Amino acid sequence: MQILNRVAVVTGGASGIGRSIALALAEGGAAGVVVADIDGPGAAKVAAEIEAAGYSALAVPTDVSSEDSVQALVAAAESAYGPIDLYVSNAGIIVAGGVEVPDEAWSRIWAINVQSHVYAARALLPGMLARGGGYLVITASAAGLLTQLGSAPYAVTKHAAVALAEWLSVTYGERGLVVSALCPQAVTSNLAATSRRELGEEALPADIAATGGSAQAAVDGVLEPDEVARVVLAAVQAEQFLILPHPDVATYERRRADDRERWLRGMRRMQVRLSGSA
Ligand SMILES: NC(=O)c1ccc[n+]([C@@H]2O[C@H](COP(=O)([O-])OP(=O)(O)OC[C@H]3O[C@@H](n4cnc5c(N)ncnc54)[C@H](O)[C@@H]3O)[C@@H](O)[C@H]2O)c1
C-alpha cells in the first residue's frame with residue numbers, strides 16, 4: 001500500500017516505536033495520522049510535533065484494552081479524516097516472570113497485547129471488507145516467533161498476536177485485507193517504564209530495561225525506533241506479512257522450525273548464561 005493520501009491510526013503512538021511510525025507516516029504523505037495512546041498528553045505532544053512539521057494529525061486518548069475505547073478511536077479517526085486505510089495496532093507492555101505472575105497481570109498483558117488487536121479487527125473489518133481493502137499492522141515481537149527469556153506472559157501474548165495476524169491474513173486476505181506482523185528484537189524505547197506504570201512492581205526490572213526490554217539485546221543489538229519505522233514503511237509499501245527489523249530473526253525462526261529439539265537446547269544454554277543458573 002502506498003502511504004500517500006492514506007488515513008492512518010497508530011496505537012501506542014505517544015512513545016517509542018509507535019511515535020516513530022506516526023512521524024514516518026506523516027512524512028510519507030499520509031492524509032492524516034491519528035496518534036492514539038493511554039498517555040493522552042503524550043499523544044497530544046506527538047500530534048503537535050507532526051502538525052509543527054506541516055502535516056495533519058489528531059491525538060485520541062485511548063485504552064486499547066477496552067473495546068469501547070477502541071471503537072471510539074475508530075469513530076474519532078473516521079469523523080476527522082474518513083475511512084481508515086492503515087491501522088497500526090502497536091501498543092504493548094511487558095511483565096517479568098513465569099507462571100507465578102499474578103492473574104491480574106496476566107489478564108492486563110493479555111488485554112493490551114492480544115485483545116487490543118481483536119478489538120481493532122472487529123471495529124475495522126466491516127468497513128474495510130465493504131471497501132474491498134485495508135491494512136492492519138500488528139506489533140508483535142521476535143518473542144512471538146521464538147520466545148522471551150524471563151517473561152512467559154510476553155512470549156505467550158506475542159505468539160498469540162502473531163497467530164491472530166496470520167489468521168486474519170489467511171481468512172480475509174483474498175477479500176482485500178492486508179496484514180503485517182512486526183517482530184523486532186530489542187529497540188530503544190520506554191517499554192520498561194511504560195510497563196511499570198501499567199503494572200507496578202511486576203513489570204520488567206531496571207537492569208533488563210536498560211537493554212530495551214529484551215535479554216537478547218546483547219546478541220543482535222538494539223535498534224532505534226526511527227530505524228524500525230523505516231523498515232515498517234518499506235514493508236507496508238511492499239505488503240509484506242512478516243516485518244523483521246533484525247533480519248537474523250528469520251534464521252532463528254528457520255532453525256526452530258527445522259530442529260525444535262536443537263533450538264530448545266540452545267535456548268536453555270542461553271537462559272543459563274543470562275541468569276547464571278538453571
Ligand atoms: N522495545 C522493544 O525492545 C520491543 C521489541 C519488540 C516488540 N516491541 C513492541 O513494540 C510495541 C511498542 O512498544 P515500545 O517498545 O515502543 O514501548 P513504549 O513504552 O515506548 O511505547 C508503548 C506505548 O504504548 C502505550 N500503551 C501502553 N498501554 C496502553 C494501553 N492500554 N492503551 C493505549 N496505549 C498504551 C504507552 O503509553 C506507550 O506510549 C509494543 O507492542 C512492544 O511489545 C518492543
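Predicted model: local features only at pLDDT ≥ 70, side-chain atom pairs only at ≥ 80, totals over all residues.
Good morning. I begin with Gly200, which comes directly after helix 6 and has a positive phi, near 75°.

Residues are numbered from 1 along each chain as its sequence is written, and side-chain values use heavy atoms, with hydrogens and water left out.

Let us stay with helix 6, residues 191-199. Which of its residues are buried? They are Leu191, Ala192, Ser195, Glu198 and Leu199; buried means under 20% relative accessible area, exposed over 50%, and partly exposed in between, with a 1.4 Å probe and protein chains only. Viewed down the helix axis, these buried residues fall within an arc of 125°, so they line one face of helix 6. The arc is taken from the directions from the helix axis to the C-beta atoms.

Leu191 also brings us to the ligand: one of its backbone N or O atoms lies 3.3 Å from a ligand oxygen atom. For Asn190, a backbone N or O atom is 2.9 Å from an oxygen atom of the ligand. In Ser15, a side-chain N or O atom is 2.6 Å from a ligand oxygen. A polar contact is a pair of N or O atoms within 3.5 Å. The protein covers 99% of the 830 Å² of accessible area that the ligand has on its own, by the Shrake-Rupley method with a 1.4 Å probe.

I turn now to strand 1, residues 7-11. Why is strand 1 described as largely enclosed by the rest of the structure? The reason is that five of its five residues are buried. Val7, Val9 and Thr11 cover one side, and Ala8 and Val10 the other. In general, side chains in a regular strand alternate between the two faces of the sheet.

Strand 1 pairs in the parallel sense with strand 2, residues 32-37, over five bridges; two strands pair if DSSP finds at least two bridges between them. Strand 1 also runs parallel to strand 4, residues 86-89, joined by three bridges. Val9 takes part on both sides: its bridge partner in strand 2 is Val34, and Val9 stands opposite Tyr87 in strand 4.

Thank you for your attention.

Note on methods:
Helix = DSSP H or I, 4+ residues; strand = E, 2+ residues; numbered from the N terminus. Polar contact = N/O pair within 3.5 Å; in protein donor to acceptor, adjacent residues only side chain to side chain.
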